[in-house]
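Biologist: Could we go through this model together? I would like to start with how the chain folds back on itself.

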Amino acid sequence: MKKRMLGKSGIEVSAIGLGCMGMDHAYGKPADRDEMIKLIRKSVELGCNFFDTAVVYGESNEELLGEALAPIRDKMVIATKFGIIGQEIIDGKPQNILNSSPESIKEQLEGSLKRLKVDCIDLYYQHRVDPNVEPEVVAGVMKELIAEGKIKTWGLSNAPINYMKRAHSVCPLSAIENQYSMVWREPEKELFNLCEELEISFVAYSPLGNGFLSGKYTKDTKYEEGDFRSFMGRFKPEVMDRNKALLDLISEVAEKKNATCAQIVLAWELAQKPFIIPIPGTRKLHRLEENLGGADVELTREELDSLNEALSKLEIDETHF
C-alpha cells in the first residue's frame, strides 16, 4: 500500500484508510462483532494502517477497533473524535449535543482511551464546532494533551475556514476531515488551498458518495430500516436517473482499466491532491479488498482530464447530500 503523510506530524498513513462508522451507525443495525474484527485485521494484512472512529458512532465502535487492533497497536494510526456528547430529537430530527469545554474534552478523551485500549490517540478530531467555545481555547487544550503524551496530533471536521486558521495558529492542525467525492466537491473551492498553504492533510469521508458512486445501487434498491440512504437526496429515484451519465462514465473507464467503479473513483480522488486520504467504510470483505485496491490503480493524465472534463459538464444534484 502506498503511503501519505499526515500533515507535518511525521505520521505516515496508508493512502486509503478504513472508516469504521458504518459498522455500527447509519446503515441499519450494528454488524456482527466477530466479522468486523476479522475485517479490520484483514485490512491490516492488505496494507491499511489508518482507522477512523468516533464515540458518537456508538461506544461499541471504539471498543471494536480497540479489540481488533490490540495485538498490533504500535503499527497502527487511530483517529477518533470529541465534541459531540450525544444526540437529542428536536422537531422529529436528531440533533447533536455539543460540548468542547476544556473539562468535557478531557473527560471525553479518557473515555476514548479506555475504550480503544490505548495510552495515546494518534489523531484527535473536534467532530463539530461548539459555538460556545473559541477555537483558541480548543487548540490550547490540544496543545496540553500533546504535551502530556495523550494525543500525538489533532484535526478538525466540518469547521469554517476562519475557525481552522485561528485554531492552527495556536496548535498546528495535521488533518481536516470533511466529505469529498465526485458528487461533493465543495472542498475544492477554498479548503484545498488552505490545506496546501498550511500543509494540512485532507481526510475524505464518504469518498464513494455513501456507495452511490460504486455503481452497486439503483433507483429500485430497497434499504433496511435505519439505513440513512433511504432518505438521502442522491439516492432518490429521480436523482439516480439524472446522474446515470456519471455512473456510466465511471463504468466505462473501469472497464478499460480492468478495475471496478469504486477503484476508479478512489484513484481519481487520490490523484486530485497529494494530501488527500480517502477513508471508505464497508462491512464486507470483498468490498474492503476492492476499496484498498484503489490505491494501486494509476490513472493517466489523459484519463484524469477526460473524467474531470466530463464531471464539469454533468449536472450533479447535491440536494440533501
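Biologist: What share of the contacts with a separation of 6 or more comes from residues 24 or more positions apart?

Modeller: In the protein chain, such residues account for 74% of those contacts, where contact means heavy atoms within 4.5 Å. Please note that this is a predicted model, in which local features need pLDDT of at least 70 and side-chain atom pairs count only at pLDDT 80 or more, while totals for chains, interfaces and linings use all residues. Residues are numbered from 1 along each chain as its sequence is written, and side-chain values use heavy atoms, with hydrogens and water left out.

Biologist: How many helices and strands are there?

Modeller: The protein chain contains eleven helices and twelve strands. These are DSSP runs numbered from the N terminus, with helices being H or I of at least four residues and strands being E of at least two.

Biologist: And in what order do the strands of the open sheet come?

Modeller: The order is β3-β4-β5-β8-β9-β10-β11-β12, eight strands with parallel pairing. Two strands pair if DSSP finds at least two bridges between them. At the edges are β3 (18–19) and β12 (276–278), each of which pairs on one side only.

Biologist: How many bridges join β9 to β10?

Modeller: Three bridges join strand β9 (residues 151–157) to strand β10 (residues 175–179), and the two run parallel. Opposite L156 stands I176 in β10.

Biologist: What does helix α3 lie across?

Modeller: Helix α3 (residues 102–116) lies across β5 (77–82), β8 (121–126) and β9, and runs at about 140° to β8. That angle is taken between N-to-C directions on a scale from 0 to 180 degrees, with axes fitted to C-alpha atoms, for helices over the stretch in contact.

Biologist: Let us move to the interior. How much of the chain is buried?

Modeller: Buried residues make up 54% of the 321 residues in the protein chain. Buried means under 20% relative accessible area, exposed over 50%, and partly exposed in between, using a 1.4 Å probe and protein chains only.

Biologist: Which residues have the most contacts inside the largest nonpolar core?

Modeller: They are M142 and W154, in a core of 81 residues. Helix α9 (residues 261–272) supplies the largest share of this core, eight residues. A second, separate core has twelve residues, including V13, V77, Y125 and I279. A nonpolar core is a set of buried Ala, Val, Leu, Ile, Met, Phe, Trp, Tyr and Cys residues joined through side-chain atoms within 4.5 Å.

Biologist: What does M142 touch?

Modeller: Not counting residues up to four places away in sequence, M142 touches F82, I105, Y124, I151, W154 and C171.

Biologist: Is F82 buried or exposed?

Modeller: F82 counts as buried because its relative accessible area is 1%. It lies in strand β5. F82 and L156 are 74 residues apart in sequence, yet 9.8 Å apart in space, C-alpha to C-alpha.

Biologist: Where is S100?

Modeller: S100 is in the loop between β7 (93–98) and α3. With a relative accessible area of 0%, S100 is buried. Its side chain is joined to that of Q126 by a polar contact of 2.9 Å. A polar contact is a pair of N or O atoms within 3.5 Å; within protein, one must be able to donate a hydrogen and the other to accept it, and residues adjacent in sequence count only if both atoms are side-chain atoms.

Biologist: Which residues of helix α10 are buried?

Modeller: In α10 (residues 285–292), the buried residues are R287, L288, E290, N291 and L292. Their cover includes β3, α1 (33–45) and α9.

Biologist: And what about L249, which residues is it in contact with?

Modeller: Leaving aside neighbours within four places in sequence, L249 is in contact with L307 and A310. L249 is part of helix α8 (residues 244–257), and it counts as buried at 16% relative accessibility.

Biologist: Finally, what is phi of N258 near?

Modeller: Phi of N258 is near 55°, a positive value in a residue other than glycine. N258 is in the loop between α8 and α9 and counts as exposed, at 74% relative accessibility.
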